[in-house]
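Please look through the sequence and the model below, and then follow the explanation paragraph by paragraph.

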Amino acid sequence: MEYIVKCRYCGGTYFVNSDASNAKFSCDNCGASNCTDDIIEAVASGAKTITDAKDDDVHFEYYLNAAEQGDAHAQFKIGVYYDNGKGVAQDLEKAAEWYTKAAEQGYAKAQYNLGNSYYKGEGVKKDETTAVYWYTKAAMQGHAKAQFKLGVCYDKGIGISNDEAKAISWYMKAAEQGHAKAQFNLGNSYFKGEGVKKDIKKAASWYAKAAAQGHEKAKAKLIECGNMI
């Protein structure tokens, strides 16, 4: 469970994950030791955790407090709130600003979302080269969705020169993490012999993995492969 803790010494807020009833937490701001008594959840009579889907406006304020103190996770969450218009009026420019703050601290989810912002031109001027830059940052940290998008960019020559070998490499990384679209695209690569040696059996194997997750096009291609093997 994730909680916001308010330090009894410096007054700063920070995030912890704990299921222990007697846990102690070290403040990110001053290093002082706090405990479950300092969890904001216990401030009101009706306990509220930050994972509660209700009271988005309340949670937005909690996250904003931590975000303004430099907490990357909170900065990312504030970006999501502005992006989706939950707990606050939708503002794609502010979403991109907060994603940038978190992304520059190395937060992979923010790097991926920021990549999407530049890819689509939402809240920032459309810039596919910058999108690739942020996708790469997130992909190198193992973010499956970023790995897939980076594969697409190399595959289609979006924001970077076409490179089928690199496209396959990134599709493979995402596919091995269970990303259905990457599995489907990898199946296509083997089916067509693009970037890899044509191999219908391998194509069928990847189509099967994607189909098992409900990917409709993969289901159709799997049948086609079956008729060819």
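In this predicted model, Lys-221 has a relative accessible area of 17%, and because residues under 20% count as buried, Lys-221 falls in the buried class despite being a lysine. Its place is in helix H10, which covers residues 216-228. When the neighbours within four places in sequence are left aside, the residues in contact with Lys-221 are Phe-184, Asn-188, Phe-191 and Tyr-207.

Two cysteines can be considered next. Cys-225 is buried, with a relative accessible area of 0%, and Cys-153, at 1% relative accessibility, is likewise counted as buried. A disulfide is a covalent bond between the sulfur atoms of two cysteines, and the structure holds zero of these bonds.

The packing of helices is the remaining topic. Two packed helices are described by the angle between their axes and by the distance that separates those axes. For helix H7, residues 164-175, and helix H8, residues 180-192, the angle is about 135 degrees and the axes lie 8 Å apart. Angles over 145 degrees would count as roughly antiparallel and those from 65 to 115 as roughly perpendicular, so H7 and H8 are oblique to each other. Their crossing is left-handed.

On the H7 side, the residues that take part in this contact are Ile-168, Tyr-171, Met-172, Ala-174 and Ala-175, and they meet Ala-182, Gln-183, Asn-185, Leu-186, Ser-189 and Tyr-190 of H8.

Technical notes: Residues are numbered from 1 along each chain as its sequence is written. This is a predicted model: local features need pLDDT of at least 70, side-chain atom pairs count only at pLDDT 80 or more; totals for chains, interfaces and linings use all residues. Side-chain values use heavy atoms; hydrogens and water are left out. Axes are lines fitted to C-alpha atoms, for helices over the stretch in contact, and angles run from 0 to 180 degrees between N-to-C directions. Helices (H or I, at least four residues) and strands (E, at least two) are DSSP runs, numbered from the N terminus. Angles under 35 degrees count as roughly parallel, over 145 as roughly antiparallel, 65 to 115 as roughly perpendicular and the rest as oblique. A crossing is left-handed if the near helix is turned anticlockwise from the far one by less than a right angle, and right-handed if clockwise. Contact means heavy atoms within 4.5 Å. Buried means under 20% relative accessible area, exposed over 50%, partly exposed in between (1.4 Å probe, protein chains only). A disulfide is a pair of cysteine sulfur atoms within 2.5 Å.
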